[in-house]
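Hello,

Here is the structure I promised to pass on to you. My notes follow below it, so please read them with the coordinates open.

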Amino acid sequence: MPIDVIVPYNAVPSRAVGGTAANVPLILAHFGWEASLAGQTGDDLLADEYEGEVRAAGASTSLLRRAAGAETARLLHRVDADGHSYGYTCPRCHQRFPRSRPLTLELARVVADSEPNPVVYFFDRVNAATVWLAEHYADTGAVVAFEPSLATGGELFRRACEAASLIKHSKEFDLPIPKTPPRSRPEQVSVITDGAAGLSYRIGTSPEKHLPAIPTLAVDTAGAGDWITASLLAATCSANGLDKQYVDEGLRRGQALAAMCCTLVGARALSGVPIRMLNRRIDEVLASNYVDAPPKVTARPATEPRPGRCATCLLAT
């Protein structure tokens, strides 16, 4: 759950709450869902920014905890003529960024007590706490959505895959995901994204189906997959579980959002488009099968300089 430090070519740097585990629920909040983020920030000025942005996006901060005396995690997003790349050092003050902290078992139990019957539990990193929650919520009948982004494995990864109603991952990562659904999840939905080549999905043991990507003039690919995930969850998930008849529609609308996202700098820049306008634009993109121009977004307010802090990353100087 880092803050993205976004450094576009020939433009003013900005900061935004980032990471897939935050982007997906904040996008769902933009769609009108009730969403809560659970995890640890630091205990610094950037944590104030983090919480303020989450609340402004319409999501709850009640399950966020501050790690005493720690700095909030940062992740550099550099956008230039060669595309998008990540980094872990500030390009202005040259300090190494603090890294994210995992969810704790103590907080996981608080989450389970505070949110006993969620429609969806979404996670993207495997540790004892996230897997414990996945198994707990699978037992309650919630949709458990797992989007691994690290080349990991082992017993915790196996348990995460078995608890998941839906697994989505990028073909870019060589992950030990079973080729067939586990016995505990015979109708598990599996989605594999492949950038400009589109995506493939299957439901249970049904044949795999391919959906080509929607052509666009890409400026920044960060966050594109998160819009696909949020669209899929919004289309298929309710208190009755995961409605598989809407998987295709959710993914296709997600691809339209992903194509639009790529025309803007920042993983959630599309959140600056009111939802009615966004839905209308999705329909237009699906009809034309092309994104010819970026949508107009509400500009983010400029960050205020803080004495003794780096203007780009807000670390002490």
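A word on classes before the notes: Ala, Val, Leu, Ile, Met, Phe, Trp, Tyr, Cys and Pro count as nonpolar, Asp, Glu, Lys and Arg as charged, and the others, Gly among them, as polar. Please keep in mind that this is a predicted model, where local features need pLDDT of at least 70 and side-chain atom pairs count only at pLDDT 80 or more, while totals for chains, interfaces and linings use all residues. Residues are numbered from 1 along each chain as its sequence is written, and side-chain values use heavy atoms, with hydrogens and water left out.

**The second largest pocket**

With those classes, the lining of the second largest pocket divides into 18 nonpolar, 10 polar and 9 charged residues. A pocket here is an open set of points on a 1 Å grid over the protein atoms alone, where a 1.4 Å probe fits, with protein on both sides within 12 Å along at least five of seven lines; lining residues have an atom within 4 Å of a point. The volume of this pocket is about 1,100 Å³, and the closest to its centre of the 37 lining residues are R15, A16, E53, R300 and P301. That volume is the space filled by probe spheres set on the points, which are joined across faces, edges and corners.

Which elements each supply at least two residues of this lining? They include strand 1 (3-8), strand 2 (14-17), helix 1 (20-30) and helix 2 (45-56). Helices (H or I, at least four residues) and strands (E, at least two) are DSSP runs, numbered from the N terminus.

A22 belongs to helix 1. At 0% relative accessibility, A22 counts as buried; buried means under 20% relative accessible area, exposed over 50%, and partly exposed in between, with a 1.4 Å probe and protein chains only. Neighbours within four places in sequence aside, A22 is in contact (heavy atoms within 4.5 Å) with V17, L37 and Y50.

I6 has H77 of strand 5 as its bridge partner. Strand 5 (residues 74-80) is largely enclosed by the rest of the structure, because 5 of its 7 residues are buried.

On to strand 6 (residues 83-87), which pairs with strand 5 in the antiparallel sense over 5 bridges. These two strands form a hairpin with 2 residues between them, and R78 has S85 of strand 6 as its bridge partner. For a sense of distance, S85 lies 63 residues from A22 in sequence and 19 Å from A22 in space, C-alpha to C-alpha.

Strand 8 (residues 143-146) and strand 9 are parallel partners over 2 bridges, with A145 bridged to L166 of strand 9. How many of the residues of strand 9 are buried? The count is 5 of 5: L166, K168 and S170 point one way, and I167 and H169 the other way.

Strand 9 (residues 166-170) also runs parallel to strand 10, joined by 5 bridges. Along this pair, L166 stands opposite V189 and H169 has I192 as its bridge partner. Strand 10 (residues 189-193) has 4 of its 5 residues buried, so it is largely enclosed by the rest of the structure.

Strand 10 pairs with strand 11 (residues 199-203) as well, antiparallel and over 5 bridges, and here V189 stands opposite I203. The hairpin of these two strands has 5 residues between the strands, and G195 in it takes a positive phi near 55°.

Helix 7 (residues 247-261) reaches 20 Å from its first C-alpha to its last over 15 residues, close to the 21 Å expected at 1.5 Å a residue; the expected span is 1.5 Å times one less than the number of residues. Of those 15 residues, 12 are buried, among them V247, R253, Q255 and C261. The buried residues pack against several elements, including strand 10, strand 11, helix 6 (224-236) and helix 8 (275-288).

Helix 6 has end C-alpha atoms 19 Å apart, which agrees with the 18 Å that its 13 residues should span. It is largely enclosed by the rest of the structure, because 10 of the 13 residues of helix 6 are buried; W227 and D226 are among them.

Best wishes

Terms used:
Pairing = 2+ DSSP bridges.
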